[in-house]
Amino acid sequence: SMAFRPLISVITPAYGVADDVARQMVQSILAQIYPNWELCIAHADPLRVEDREHLRQMMAADPRIKVQFLDRNHGIAENSNFAMSMATGEFMAFVDYDDAIEPDALFRMVARLNKDPDLDFLYSDKDQILSDRDERLLPLLKPDWSPDSVLSAAYPVHLHLIRTSLMLELGGLRSETDGAQDWDLFLR
């Protein structure tokens, strides 16, 4: 029933994550109740042959899944930029290969955009879970946007969504900030 139903490009750099954890991430995207998404993965781990084969099967089964198989790891920022190069959505949602998002995560983001379609950036609370997904640890209930707070903490990470045109205007992620690439993006 939402009037505004933008395509969300889920941007995922992939390197050094156990196959079962990576599969949970892909399954969490497939389980989204908001159907208008595409998953853009830059897989930079050529030694994970089984993972790559699984991703090939996923691409064949669902055209919303796009994977670029890189010949080596270029670092998280550049791997993310490779994933962004496949994106066609109006918004990009950043989900790491070892993350899992709730089935209504993208729906809630789009519902918020329907209330204010001029928003360029959204983020959500997060918590950590054990691999069996039964026990939640370390919830981070984030404050409303605070330019002062973001100067001292990169609190908007995981899950955050940004308008693609703004991401392009900013020039993507910068490799010299690997490990703090999200924070650098927020500051810019």
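Is F121 buried, partly exposed or exposed? F121 is partly exposed, at a relative accessible area of 22%; buried means under 20%, exposed over 50%, and partly exposed in between, with a 1.4 Å probe and protein chains only. This is a predicted model, in which local features need pLDDT of at least 70 and side-chain atom pairs pLDDT 80 or more, while totals for chains, interfaces and linings use all residues. Residues are numbered from 1 along each chain as its sequence is written, and side-chain values use heavy atoms, leaving out hydrogens and water.

**View 1. The aromatic cluster around F121.** F121, Y123, W145 and F186 form one aromatic cluster. The structure holds five aromatic pairs. Rings of Phe, Tyr and Trp (its six-membered ring) pair if their centres lie within 6.5 Å; planes under 30 degrees apart are stacked, over 60 edge-to-face, and the rest tilted. The ring centres of F121 and Y123 are 6.0 Å apart and their planes stand at 40°, so this pair is tilted.

**View 2. R56 over the ring of F69.** The charged end of R56 sits 4.5 Å from the centre of the F69 ring. A charge sits over a ring if NZ of Lys or CZ of Arg is within 6 Å of the ring centre and within 35 degrees of the ring normal.

**View 3. The largest cavity.** The structure holds one cavity of 30 Å³ or more. The volume of the largest cavity is about 60 Å³. A cavity is a set of points on a 1 Å grid over the protein atoms alone where a 1.4 Å probe fits but cannot get out; lining residues have an atom within 4 Å of a point. Grid points are joined across faces, edges and corners, and a volume is the space filled by probe spheres set on the points. The lining includes P13, I76, F94, H158 and Q181. Helix 3 (76–84) and helix 7 (181–187) each give two or more residues to this lining. Helices are DSSP runs (H or I, at least four residues), numbered from the N terminus.

View 4. S80 is buried, at 4% relative accessibility. Beyond its neighbours within four places in sequence, S80 is in contact with I11, P13 and L173. Contact means heavy atoms within 4.5 Å. A42 is 38 residues from S80 along the chain, yet their C-alpha atoms are separated by 6.7 Å.

View 5. D182 counts as buried, at 12% relative accessibility. Not counting residues up to four places away in sequence, D182 touches V157, H158 and H160.

Notes. On a 1 Å grid over the protein atoms alone, a cavity is a set of points where a 1.4 Å probe fits but cannot get out, and a pocket is an open set with protein on both sides within 12 Å along at least five of seven lines; lining residues have an atom within 4 Å of a point.
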